[in-house]
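User: I have a model open and want to go through its side chains with you. Can we start with charges and rings?

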Amino acid sequence: MNGSSRRAMLRTTASAAALVAAGFLGAAPALAAPVVGQPAPAFTAVDSKGKQHSLADYKGKVVVLEWTNHDCPYVKKHYQANMPNLQKQAQDAGVVWLSVISSAPGEQGFVDGKKADELTASRNAAPSAVLLDPQGTVGKAYDARTTPHMYVIDAKGVLRYAGGIDSIASAKLEDIEKASPLFKTAMEAVVKGQNVAQATTRPYGCNVKYKS
């Protein structure tokens with residue numbers, strides 16, 4: 001390599017390093033989002049009562065993952081009746097429903113186990129468990145972006161649905177009845193062993209408050 005080429009290479013390397021330092025280029029590639037139709041990402045997390053849960057524990061069961069943040073207006077909208085009703089429907093069908101809180105300490109929606117259980121009781125909610133994910137490990141593995149963000153995993157551990165709870169991205173209670181119940185339809189199809197017609201949809205809500 002001649003002197004001119006070496007100087008050009010050093011300038012390019014220095015420029016790239018400066019961009020990384022300034023935040024314009026990622027220092028490492030982002031985690032790939034899970035793919036519908038492929039095995040769901042494995043995870044292990046502790047729930048509000050201190051019990052450990054792994055996806056592998058529920059082989060042979062349909063599993064729902066719901067990302068939540070009790071202070072988010074979109075979550076408040078759905079917890080007035082819609083989300084608890086869906087949880088009870090899932091419970092009656094033998095579905096494992098795991099609500100996941102990925103809010104980091106100091107961020108909106110962060111709670112400890114005691115507060116999580118108080119919220120479950122006060123909202124008449126019926127999840128199988130509330131998983132605490134303050135480091136965002138489970139959330140990032142699933143590329144969870146909003147609260148709510150809904151996922152359905154079939155009995156073989158394959159991800160069958162990822163997306164929004166319904167089709168109208170608003171925080172207005174009256175829009176629930178007008179919206180297409182995308183998640184509900186998907187969950188019912190998976191329980192019946194049927195294909196999900198709309199397997200990937202756009203989630204809406206508040207951004208998940210990951211650790212910055």
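User: Which ring does the charged end of K140 sit over?
Analyst: The ring of Y210, with the charged end 5.4 Å from the ring centre. A charge sits over a ring here if NZ of Lys or CZ of Arg is within 6 Å of the ring centre and within 35 degrees of the ring normal. This is a predicted model, in which local features need pLDDT of at least 70 and side-chain atom pairs count only at pLDDT 80 or more, while totals for chains, interfaces and linings use all residues. Residues are numbered from 1 along each chain as its sequence is written, and side-chain values use heavy atoms, with hydrogens and water left out.

User: And what does R123 sit over?
Analyst: The charged end of R123 sits over the ring of Y79, 3.8 Å from the ring centre.

User: How many aromatic pairs are there?
Analyst: The count is 6 aromatic pairs. Rings of Phe, Tyr and Trp (its six-membered ring) pair if their centres lie within 6.5 Å; planes under 30 degrees apart count as stacked, over 60 as edge-to-face and the rest as tilted. One of them is W67 with Y151: the ring centres are 5.4 Å apart and the planes at 70°, so this pair is edge-to-face.

User: Where are W67 and Y151 in the chain?
Analyst: W67 is in strand 3 and Y151 in strand 7, 84 residues apart, so the pair links distant parts of the chain. Helices (H or I, at least four residues) and strands (E, at least two) are DSSP runs, numbered from the N terminus.

User: Are those two buried or exposed?
Analyst: W67 is buried at 0% relative accessibility, and Y151 is buried at 2%. Buried means under 20% relative accessible area, exposed over 50%, and partly exposed in between (1.4 Å probe, protein chains only). Ring pairs also link W67 and Y151 with F43 and Y142 into a cluster.

User: What about W97 and F183?
Analyst: Their ring centres are 5.5 Å apart and their planes at 85°, so W97 and F183 are edge-to-face. This pair too links distant parts of the chain, with W97 in strand 4 and F183 in helix 7, 86 residues apart. W97 has 1% relative accessibility and counts as buried; F183 is buried at 0%.

User: Which other residues of helix 7 are buried?
Analyst: In helix 7 (residues 182–191), L182, A186, M187, A189 and V190 are buried along with F183. They cover an arc of only 160° around the axis, which puts them on the same side of helix 7. The arc is that of the directions from the helix axis to the C-beta atoms.

User: What covers them?
Analyst: The cover includes strand 3, helix 3 (82–92), strand 4 (96–101), strand 7 (149–153) and strand 8 (159–163). Contact means heavy atoms within 4.5 Å.

User: What follows helix 7?
Analyst: G193, with a positive phi near 75°.

User: Switching topic, how many disulfides?
Analyst: The structure holds 1 disulfide, a pair of cysteine sulfur atoms within 2.5 Å. C72 and C206 form this disulfide, with their sulfur atoms 2.2 Å apart. The torsion about the S-S bond is about 90°, so the disulfide is right-handed.

User: What does it link?
Analyst: Distant parts of the chain, 134 residues apart: C72 is in the loop between strand 3 (63–67) and helix 2 (73–79), and C206 is in strand 9 (residues 206–207). C72 is buried at 0% relative accessible area, and C206 is buried at 12%.

User: Last one: how many helices and strands?
Analyst: The protein chain has 7 helices and 9 strands. Of its 212 residues, 43% count as buried.
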